[in-house]
Amino acid sequence: MIAKSSRNAEPGPFSRTARTRALHFRGSLGRFATGVAIVTFDGATRRHGITVNSFTSVSMEPPLVLVSIARTARAHDELAGRPFTVNILGAEQKQLALHFAGRPGPEPLWVEGGTAPRLSNVLAYFECKPWAAYDGGDHTLYVGEVVDFNYRNGDALAFANSAFTTIPESQLGMEDLL
């Protein structure tokens with residue numbers, strides 16, 4: 001067996017500089033395909049929307065969902081304690097995702113939800129009242145109790161490897177299995 005010199009060995013992820021390691025960590029996370037959603041809510045002075053790809057269900061009873069919002073997001077502090085809607089985007093709604101990610105485009109069409117505002121014609125939505133908020137390092141984990149929801153048919157907008165992609169609608173929906 002021939003041992004490699006440590007000078008010639010490929011450095012592992014823990015021997016990189018902090019910045020390089022952070023970029024490598026982000027790239028590694030990016031290999032996991034996620035859906036794309038926009039969290040919408042009414043703030044103290046105006047309506048807000050934040051594009052996210054960190055969204056998950058938490059509980060069926062009571063119905064709870066979680067979104068992870070970066071502390072650096074402009075609307076982060078205003079979301080605390082406010083009702084919100086998680087809007088799941090269809091494959092044709094990439095411009096909407098970009099609009100709320102800081103690349104403004106045409107003004108979106110809003111729907112006045114019973115609990116919080118939502119966006120028109122999204123693939124699915126979950127209107128939530130605040131349940132809890134948890135420290136998540138450089139993010140806050142907001143948990144909402146779902147009070148209204150719905151969906152439509154269509155392909156989903158997804159994000160993987162730092163690019164948008166499409167997840168085709170499956171042939172059989174989960175509700176047909178229940």
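Reader: How many bridges pair strand β2 with β3, and in which sense?

Author: Let's take the general idea to begin with. Strands of a sheet pair through backbone hydrogen bonds, either parallel or antiparallel. Here, strand β2 (residues 37-42) meets β3 in the antiparallel sense, over six bridges. You can look up one of these links yourself: I38 has T51 in β3 as its bridge partner. Two strands count as paired if DSSP finds at least two bridges between them. Strands are DSSP runs of E with at least two residues, helices are runs of H or I with at least four, and both are numbered from the N terminus.

Reader: What kind of model is this, and how are residues numbered?

Author: It's a predicted model, in which local features need pLDDT of at least 70, side-chain atom pairs count only at pLDDT 80 or more, and totals for chains, interfaces and linings use all residues.

Reader: In what order do the seven strands of the open sheet come?

Author: Follow the sheet across and you get β3-β2-β6-β9-β10-β5-β4, with antiparallel pairing. At its edges stand β3 (47-52) and β4 (55-60), each of which pairs on one side only. Ignoring direction, neighbouring strands in this sheet are turned by 35° against each other on average. For such angles, axes are lines fitted to C-alpha atoms (for helices, over the stretch in contact), and the angle between N-to-C directions runs from 0 to 180 degrees.

Reader: How many residues sit between β4 and β5 in their hairpin?

Author: Two residues lie between them. The two strands pair in the antiparallel sense over five bridges, and S59 finds its bridge partner in β5 at L64.

Reader: Which strands make up the open sheet of three?

Author: That one runs β1-β11-β12, again with antiparallel pairing. β1 (34-35) and β12 (163-167) have a single partner strand each, so one side of each is left without a neighbour in the sheet. Between β1 and strand β11 (residues 156-160) there are two bridges, and the bridge partner of T34 in β11 is F159. Altogether, the protein chain has three helices and 12 strands.

Reader: On to side chains. How many salt bridges are there?

Author: Side chains of opposite charge can pair when their charged atoms come close. The rule used here asks for a side-chain nitrogen of Lys or Arg within 4 Å of a carboxyl oxygen of Asp or Glu. By that rule there are six salt bridges. One of them joins R47 and D42, with the closest N and O atoms 2.7 Å apart.

Reader: Why does the salt bridge between D135 and R71 tie together parts that are apart in sequence?

Author: Their closest N and O atoms are 2.4 Å apart. D135 lies in strand β9 (residues 124-136) and R71 in the loop between β5 (63-70) and α2 (76-79), so the pair ties together parts that are 64 residues apart in sequence.

Reader: Is D135 buried or exposed?

Author: Buried means under 20% relative accessible area, exposed means over 50%, and partly exposed is in between (1.4 Å probe, protein chains only). At 61%, D135 is exposed, whereas R71 is partly exposed at 36%.

Reader: Where do E145 and K129 sit?

Author: E145 and K129 meet in a salt bridge with an N to O distance of 3.7 Å. E145 is in strand β10 (residues 139-151) and K129 in strand β9, 16 residues apart. E145 counts as buried at 19%, while K129, at 39%, is partly exposed. There's also a network: salt bridges that share partners join D42, R47 and E112.

Reader: Where is the confidence lowest, and where is it highest?

Author: pLDDT is the predictor's confidence in each residue, from 0 to 100. The chain averages 86, and 84% of the residues score at least 70. Helix α1 (residues 18-29) has the lowest mean, 77, and strand β8 (residues 118-119) the highest, 98. Over residues 1-10 the pLDDT is below 50, and this stretch has zero contacts in the model beyond near neighbours in sequence. A contact means heavy atoms within 4.5 Å.

Notes:
Residues numbered from 1 in each chain as written. Heavy atoms only, no water.
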